[in-house]
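Please consult the structure while reading.

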Amino acid sequence: MTSTRTTKLFLTSAIFVFAAASHASAQAPAASQKQTPPPGGAAKPFNVPAHESYTLPNGMRVTLVPYGNIPKVAVSLAIRAGNLNEPQDVLGVADITGELLKEGTKTLSSQALAEAVAQMGSSLSVTVGADETAIDVDVLSEYGGRAVTLISDVAMHPLLPESELARLKANLLRQVLVAKSRPSQMALARFRKLLYGDHPYGEILPTEASLKKITIDDARKFYAANYGAERAHLYVAGKFDVAEVKKAIAAGFSDWSKGTPPVLNVPHPKTERLLDVTDRPGAPQSTIYVGLPVIDPTNPDNIPLTVTNALLGGSFSSRITSNIREQKGYTYSPTSQLSRRYHDAYWAEIADVTTAATGPSLKEIFGEIDRLQKEPPGAAELKGIQSYMSGLFVIQNSTRQALIGQLRNVDLQGLGEDYLKNYVQRVNAVTPEDVQRMTAKYIKPEQMTIVVVGDKSKITDQLAPYAALPETAK
Amino acid sequence: MYLTKRSAARVLALVMATILAGLAPANAGPVSAPEFKVPVEYYKLPNGLRVVLSPDHTSPIICVGVYYHIGFRIEPRDRTGFAHLFEHMMFQGSQNLGKMEFIKLVQQNGGILNGSTRFDFTNYFETLPANKLETALWAEADRMGGLAVNEDNLKNQQGVVGNEVKVNVLNSPYGGFPWLDMPQYANTNWYNAHNFYGDLKDIEGATLPEVQSFFKTYYAPNNAALAIVGDFDPAQAKQFVAKYFGALKSSQLPPQPDLTEPRQEKEKQAIKKDPLATKPALALGYHMPERNTPEYYAMGLIDEMLIEGDDSVLHQELVQKRGYTGAVSGGINLLGTPWNYDGPMLFITNMIHDPATTPETIVQTIATSIEPLRTKPVDQKMLDRALVKLRSDLYDTIGGQGGFGLVDLLASFALFDDNPARVNSLVAEYEKVTPALIQKTAQEYLRPENRTVLLIQPGAQAPPAATAKPAGDSEKKQ
């Protein structure tokens, strides 16, 4: 989340191996000579760390999670003000407003604000997403109360200064232009556009024309319309003085005006077979996005579908990854995902594959989907995935930032207090037949959008079979 | 049976200074920092394996890391990228686990795993539910004991690694900038200056006998450190370690080549054309002081003051006041942390900018912004703030990634310093840095002659920026 050290993550992972499971090699020692791995001891119990939630009189929600022994505390204010809330004619205004929040408050200049946060051992981070804007700091434990006070000041009394607008717009424009040169961003943007059309979820990179139009009044209007107590949820997690933090919350946020309730605008994404190719002459790889809209996270099939995704393409040992990486060597880091927004989700397989293997990769991806539609996975294969997901759940609930992430998702989607408590049990209740049924019901190739960014002159022929559906599938 | 033993009692307690000065909002004033240290128990097996234990019962998980003292820096000269390709091979099969069975074993026991290749080590690590410690140790000992791979495995991973280089470098705008590029331009010694990811030709040319010989040379217990962090019983862990790693044979390690870099006496400049990039970019690299010297710690704080966080000097000057860029990035060791390397290193800062701002303008602004550090003692308040940021970063590293952050520190310090307890005395070392030492360090290491300037010129329409007009502050945007 937020740290003063902001730049290392992608670099550190640059030379990481991402691996996947496959068959034992032919020349490995004979099975009879092999030792069996020790199974380990009895499992230790795990409970999601307890949290305390309450609502201020103005409607703002608060969740406190005392956790861990690292002397740091994360403070995160999630506000239901995202790209979803942008007026059509000023796309990008949510992002600009988010950036403007860092430009000072009625009592602190931007530099004083930056120095105040640095003195607590953090940076102020504002992240604008499809549904929410999050204001985050991650400070040394002794500054928990002060961090809450500071975030309340940023959220409630921002200066939104006109003097900084041109610079922030230039920054955002530069970012968008750089993003548009990255094949992964190009493919994602096309995929979202094709799926969601004119719905705000379909525009992940605002145009230059749209950005240039944004005025300070647009940003101030956006702030007035979308920021307020009723749209906000404050999370505090880590090691902190609970009484002091509660006092700071009451003092800092009680005067925030209620504002308006969240705007609901659930999209109706497209479910037709479509092939879309963006030319990138000379590209040594094709970037593939192939997927379709699926059930939203409140559907009872959500957890069986999540297990299905992990088995099909969403984990190291999944079928698609085993196939196109470990057997064929077509790609380095293929993955399938369930990408979610408020009461909305799509499934997609994403891979950067050697140009010559573009058609063959699609063939294998569809082949693995077809196989899982026709035949349930073996019990042992499924059990392996369930154990993986059960363990992962513990790991995912083992840092203060991850805990906030889990709780934020539950709160945004309205999944209920028991969701995290029952998650592992529900994962393990999924049967092989459920996985087959989920694949057949939701992962339907004939409804998929296929986006490819690559060298058109080399891939057009390879992609020809996927341009239209075979007659039998229509 | 242990050659060396350092008990947790020897661990230095952190002496936390109370750090706070003027500019905080409303309720400013001193707040006392709590003491924080982690348990560290260190010993060696008779075969030379360095073992570090650090229990933490916060969550029922454990993290196991095995670090081999072989990084890409000293890989074979005619085989660039070999250390990293080899890392992939360690997932392809060992004595008792066939191709990718290692990965299945970890995943099906509810864990996650990875490996990575860095300047001075290659590591393998897994985070698992606490009751699976023995399983993890058995599996890591199994692959330390022997590799069982064939031509098909190698061919497959040559394809995978080739695709990795394509996705991260060859098919990516700013691919390799500046993390892979800068060491090649700034350094002069081949070991520090070659292409660590590897030329595709070298990767494709690697042979199975080379893989086997590399394993035999470097993958031995006396060239490795094992760190265990999380919810476990140390006495039991020691039994498992002895049982599974105790019988492994040590090897005769080759002598370490000379890794030193000469003092840089003249500024270097390099231009890289990037047909995929849409905006120009710029990076500055400075050779670092030798690791663990007083100047090294001073440089850590200079990094915090100059480029880490929105309060930093370069963020304020380049982003906030002049709008030359949206973000100043960089740091010490872009392929890791300031703490996990063991040789010459660069301090790098980099940014993407608009063509309207010339690189000369930016370089000049950076030089002007840095100059006060070189000419007078730094303001104590600014130094104090740098220390708070550093302490906060260090705690994030210790607490991060399911125990892996701490594993990384402990294993690195065991491997490079024979002293993993350093994790608990790091803050005290940074606290010794005075404004006078900052100035002395900046004078030597932030010399213009010590820097390498790397420019990225985008696409075919690259402007003739390198020969543009002299730099100055005249192009302020506000």
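The questions and answers below concern a predicted model.

Q: What makes residues 268-467 of chain B a domain?
A: Chain B is divided into domain 1 (5-18 + 36-245) and domain 2 (268-467). These bounds come from an automatic or database domain assignment, so residues 268-467 of chain B count as domain 2. The centres of the two domains of chain B, taken over C-alpha atoms, are separated by 26 Å.

Q: How do you know that the domains of chain B are in contact?
A: Residues count as in contact if their C-beta atoms, placed from the backbone, lie within 7 Å. The contact takes 45 residues from domain 1 of chain B and 45 residues from domain 2 of chain B, so the two domains are in contact. On the domain 1 side, the elements giving two or more residues include strand S3 (50-55) and helix H5 (181-186) of chain B. That side holds 28 nonpolar, nine polar and eight charged residues.

Q: Which domains does the assignment give for chain A, and what separates their centres?
A: Chain A has domain 1 (52-253) and domain 2 (274-467). Their centres lie 29 Å apart over C-alpha atoms.

Q: How many residues of each domain of chain A are in contact, and which element gives the most to the domain 1 side?
A: In chain A, 24 residues of domain 1 are in contact with 24 residues of domain 2. H6(A) gives the most to the domain 1 side, with nine residues. The residues of that side divide into 15 nonpolar, six polar and three charged.

Note on methods
Residues are numbered from 1 along each chain as its sequence is written. Chains are lettered from A and ligands numbered from 1 in the order in which they are written. This is a predicted model: local features need pLDDT of at least 70, side-chain atom pairs count only at pLDDT 80 or more; totals for chains, interfaces and linings use all residues. Helices (H or I, at least four residues) and strands (E, at least two) are DSSP runs, numbered from the N terminus. Ala, Val, Leu, Ile, Met, Phe, Trp, Tyr, Cys and Pro count as nonpolar, Asp, Glu, Lys and Arg as charged, and the others, Gly among them, as polar.
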